[in-house]
Amino acid sequence: MLEIDYNKCDRLRGCSAAKACPVEAMIPVGKGFLPWKVERWEFDEQKCIGCNKCVKVCPQQAIIVK
């Protein structure tokens, strides 16, 4: 199971971790205060295959394996 530390996440629409996901398991939720941000990112646990590519490429190290 993966979790996002929102104290570290920059919430950018062009999230490199979301782009790295081969099954598109990271889903943007809501509109951010600025047009290039989202309110938050969430994981679709049914889609996630546990490859941890998102963990490896997140520049803020905001994705945590639980």
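Two residues are in contact when heavy atoms of one lie within 4.5 Å of heavy atoms of the other.

**Figure 1. Overall fold of the predicted model.** The structure shown is a predicted model. Among contacts between residues at least 6 apart in sequence, 60% join residues at least 24 apart. The protein has two helices and four strands, and from the N terminus on these elements follow the order β-α-β-β-α-β. The radius of gyration is 11 Å, close to the 11 Å that the globule rule gives for 66 residues, so the protein is as compact as a globular protein of that length. Along the principal axes, the C-alpha atoms fill a box of roughly 30 × 20 × 15 Å.

Figure 2. Buried residues make up 24% of the 66 residues.

**Figure 3. The largest nonpolar core.** In soluble globular proteins, nonpolar side chains tend to be buried together. The largest nonpolar core of this protein has 14 residues. Those with the most contacts inside the core are Ile-4, Ala-17, Met-26, Trp-41, Phe-43, Cys-54 and Ile-63. Strand 1 (2–4), helix 1 and strand 3 (38–43) each supply at least two residues of this core. The largest share, three residues, comes from strand 3.

**Figure 4. The surroundings of Trp-41.** Residues up to four places away in sequence are not counted in this view. Beyond them, Trp-41 touches Ile-4, Tyr-6, Cys-9, Arg-11, Leu-12, Arg-13, Cys-15, Ala-18, Met-26, Ile-27 and Pro-28. Trp-41 and Met-26, which touch one another, are both among the residues with the most contacts inside the largest nonpolar core.

**Figure 5. Ala-18 in helix 1.** Ala-18 is placed in helix 1, which covers residues 16–20. Is Ala-18 buried or exposed? A residue is called buried when its relative accessible area is under 20%; Ala-18 has a relative accessibility of 16% and therefore counts as buried. With its neighbours within four places in sequence left aside, Ala-18 is in contact with Met-26 and Trp-41. Ala-18 and Glu-3 are 15 residues apart in sequence, and their C-alpha atoms are 13 Å apart in space.

**Figure 6. Two loop residues with positive phi.** Arg-11 is found in the loop between strand 1 and helix 1. The phi angle of Arg-11 is near 60°, a positive value in a residue other than glycine. Arg-11 is partly exposed, with a relative accessible area of 25%. Asn-52 is found in the loop between strand 3 and helix 2 (53–57). The phi angle of Asn-52 is near 65°, which is likewise a positive value in a residue other than glycine. At 25% relative accessibility, Asn-52 counts as partly exposed.

**Figure 7. Val-65 in strand 4.** Val-65 belongs to strand 4, which covers residues 63–65. With a relative accessible area of 48%, Val-65 is partly exposed. How far apart are Val-65 and Glu-3 in sequence and in space? The two residues are separated by 62 residues in sequence, whereas their C-alpha atoms are 6.4 Å apart in space. When residues up to four places away in sequence are not counted, Val-65 touches Met-1, Leu-2, Asn-52 and Val-55.

Key
Residues numbered from 1 in each chain as written. Predicted model: local features only at pLDDT ≥ 70, side-chain atom pairs only at ≥ 80, totals over all residues. Heavy atoms only, no water. Rg over C-alpha atoms; globule rule 2.2 N^0.38 Å. Buried < 20%, exposed > 50% of the residue type's maximum accessible area, 1.4 Å probe, protein only. Core = buried A, V, L, I, M, F, W, Y, C linked by side-chain atoms within 4.5 Å.
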